[in-house]
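Hi everyone, thanks for making time today. Let me put the model up on the screen, and then we'll walk through it together.

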Amino acid sequence: MKNNYRQELEELKQKNLYRRLRVLEGNEGTRAVFEGRKILLFCGNDYLGLSRHPRVMVAAHQAIDRYGVGARSARLIAGTTEAHASLEKKIAEFKNKEAALVFGSGFLANLGILTAFADKDDVVVMDKLCHASLIDGARLSGAELRVFPHKNYEKCEEILKKCTAPRKLLVTENVFGMDGDRADLPALIRLKKKYGALLIVDDAHGTGIFKKTSPGSTAHFSKGIDVIMGTLSKAIGGLGGFVAADQELIDHLVNFARPFIFATALPPVLCKAAREAFCVIEEEPGLLKKLWTNIREVHQGLTKLGFSLAKPESAILPVILGDEGKAMAAFEKLLAHGLFIPAVRYPTVPKGKARLRITVSAAHTAQDIQTLLKAFKALA
Ligand SMILES: Cc1ncc(COP(=O)(O)O)c(C=O)c1O
């Protein structure tokens, strides 16, 4: 078969948009070895270092002994275990919601939510910077997709005002994954009430990094948010997606969300690890304190070096460089200093908005932060 795949790849290379996989050896959370060199990672989403927390690892080992490694079946066939039920109970409590449901990944959860709650007669109103999984879910649902400029709630209201569709889904991220800024949840709750929309908040990057009572936390606003989506793959340190909502909405997902119905369950080992991770977050508040101390130190240090960064609202601190080639060159230069921060480029971010997406973890030491700042000094 003749195809033009090679040409498409060549075009990407010319535009500095080509991606390749880089193998990291001996990955120990914030450290790894790349092409024989020791490197420090400031690019993962393991914001609390829970992927390697001793309690989480013990819980996972014990679960493997009890359940093995796989889930063997879809949840509705023979895939639901006590590990799933107890994790879902924990998530519902953590998010101040009646019930919860876990999916194989956050991506699948978003596909499930959008396709279960919307169909071709409905309208999905979405922030422009929402994640690919939300966009794809909306497209797959067949609903009309209307996008408002990032955090421009006046434009959002204009769209909602004109909507005559039977069901309106209002969709946002809480912490935006590539910019690290936060949605104005009270503003969105006001709009959803005024226009009778279903408010869906993707809290992939916010889950676990705020105190429950903080205005950054979806749990704090749980009464106003209909559907809180999240992932177990970032601050929770493992893998899997979740939805927390009223029981009726969760029952709806069990019956209509195809990525839930037609996919093998999340393995029990990941459920047990995630449940323990939520317990660690609740019982070891020092981790959260350490994360925010690190965030402030990285932000202040980079600002002093002359980088222009927005006020930190999460563990994601992007240094926007614009040009894709410039971002790739900066990645290589940092790598020469032992720092691994891949350049994030189109289509993950808009064209011409390439960036170094620095992510901070509670697992970074004061020395790690000094190494980061030294490398950025050389870049400046
Ligand atoms: C905002 C957002 N939603 C959803 C996802 C998908 O989550 P997962 O990695 O668990 O599939 C991601 C992951 O990158 C994300 O950033």
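Just after helix H1, Asn16 takes a positive phi of about 60 degrees. Helices here are DSSP runs of H or I with at least four residues, strands are runs of E with at least two, and both are numbered from the N terminus. Please keep in mind that this is a predicted model, where local features need pLDDT of at least 70 and side-chain atom pairs count only at pLDDT 80 or more, while totals for chains, interfaces and linings use all residues. Residues are numbered from 1 along each chain as its sequence is written.

Now look at helix H6, residues 132-141, where Ser133, Leu134, Gly137, Ala138 and Ser141 are buried. Those five sit on the same side of H6, because they cover an arc of only 135 degrees around the axis, the arc being that of the directions from the helix axis to the C-beta atoms. An α-helix has 3.6 residues a turn, so residues three or four places apart point the same way. What covers them? The cover includes H5 along with strands E5 (123-127), E6 (144-148), E7 (168-173) and E8 (198-202), with contact meaning C-beta atoms, placed from the backbone, within 7 Å. After H6 comes Gly142, with a positive phi near 85 degrees.

H5 turns up again at the ligand. There, 14 residues form the surroundings, and the closest are Ser105, Gly106, His131, Ala204 and Thr231; a residue is near if its C-beta atom, placed from the backbone, lies within 6 Å. Helix H5 (residues 106-117) gives the most to this shell, with 3 residues. By type, the shell has 2 nonpolar, 10 polar and 2 charged residues. Ala, Val, Leu, Ile, Met, Phe, Trp, Tyr, Cys and Pro count as nonpolar, Asp, Glu, Lys and Arg as charged, and the others, Gly among them, as polar.

Zooming out, the protein is divided into domain 1 (23-42 + 285-379) and domain 2 (53-283), with bounds from an automatic or database domain assignment. Their C-alpha centres lie 27 Å apart.

E11 pairs with strand E14 (residues 354-359) over 6 bridges, where pairing needs at least two bridges found by DSSP. Val319 has Leu356 in E14 as its bridge partner.

Last stop: the hairpins. Strands E1 (residues 24-25) and E2 (residues 31-34) pair in the antiparallel sense over 2 bridges, and Glu25 stands opposite Val33. E2 then pairs, again antiparallel, with strand E3 (residues 37-41) over 4 bridges. In the turn of that E2 and E3 hairpin, Glu35 has a positive phi of about 45 degrees.

Key
Buried ≥ 20, exposed ≤ 12 C-beta atoms within 10 Å, placed from the backbone. Contact = placed C-beta atoms within 7 Å.
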